[in-house]
Amino acid sequence: MASVSRASDDEGGLVFELEAEVEQLKEAVTSHAVVDQAIGMMVALGRLSPEQGWAVLKEVSQHTNIKLRHVAELILAWGYDGEISPEIRAELEEALDRHGPLEIPEASPGPSAG
């Protein structure tokens, strides 16, 4: 009888471990999506390559001592509501200046109405 109970305990432990792993993977996928979106904002805002956008996020994270995912979340929130802390904004501007032009390109003329 003890071997049956032990087998059940082993299976229960395995199920628990697998459930925990699934939760970690879900969190990683969500985190990756948030970071990718923030990189996209850096690419569009700073006219950077994705690699440069990644570097900007890393630098802001390192210089503010805020986890990269949280920096990405703050940048996305800034995109939605237009508000960002002065500290993050200053670091972001400095990092963008180091990695590429910050000026928004002029709009190209559209087809002329004829």
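Leaving aside neighbours within four places in sequence, Thr64 is in contact with Val71, Glu87, Ile88 and Glu91, where contact means heavy atoms within 4.5 Å. The model is predicted: local features need pLDDT of at least 70, side-chain atom pairs count only at pLDDT 80 or more, and totals for chains, interfaces and linings use all residues. Residues are numbered from 1 along each chain as its sequence is written, and side-chain values use heavy atoms, with hydrogens and water left out.

**Overall fold**

- The protein chain contains four helices and zero strands; helices (H or I, at least four residues) and strands (E, at least two) are DSSP runs, numbered from the N terminus.
- Buried residues account for 27% of the 114 residues in the protein chain; buried means under 20% relative accessible area, exposed over 50%, and partly exposed in between, with a 1.4 Å probe and protein chains only.
- Of the contacts in the protein chain with a separation of 6 or more, 59% are between residues 24 or more positions apart.

**Thr64**

- Thr64 is located in helix H2 and, at 10% relative accessibility, counts as buried.
- The C-alpha atoms of Thr64 and Glu91 are separated by 7.6 Å, although the two residues are 27 residues apart along the chain.

**Packing of H2 and H4**

- The angle between H2 and H4 is about 140 degrees, and their axes are 9 Å apart.
- H2 is therefore oblique to H4; angles under 35 degrees count as roughly parallel, over 145 as roughly antiparallel, 65 to 115 as roughly perpendicular and the rest as oblique.
- Axes are lines fitted to C-alpha atoms, for helices over the stretch in contact, and angles run from 0 to 180 degrees between N-to-C directions.
- Residues of H2 that meet H4 include Gln52, Glu59 and His63, and those on the H4 side include Glu87, Ala95 and Arg98.

**His99**

- His99 lies in helix H4, and its side chain makes a polar contact with the side chain of Glu59 (2.6 Å).
- A polar contact is a pair of N or O atoms within 3.5 Å; within protein, one must be able to donate a hydrogen and the other to accept it, and residues adjacent in sequence count only if both atoms are side-chain atoms.
- Not counting residues up to four places away in sequence, His99 touches Leu48, Gln52, Ala55, Val56 and Glu59.

**Nonpolar core**

- The largest nonpolar core has 21 residues, and Met42, Val56, Leu57, Val60, Ile75 and Leu92 have the most contacts inside it.
- H3 supplies the largest share of this core, six residues.
- A nonpolar core is a set of buried Ala, Val, Leu, Ile, Met, Phe, Trp, Tyr and Cys residues joined through side-chain atoms within 4.5 Å.
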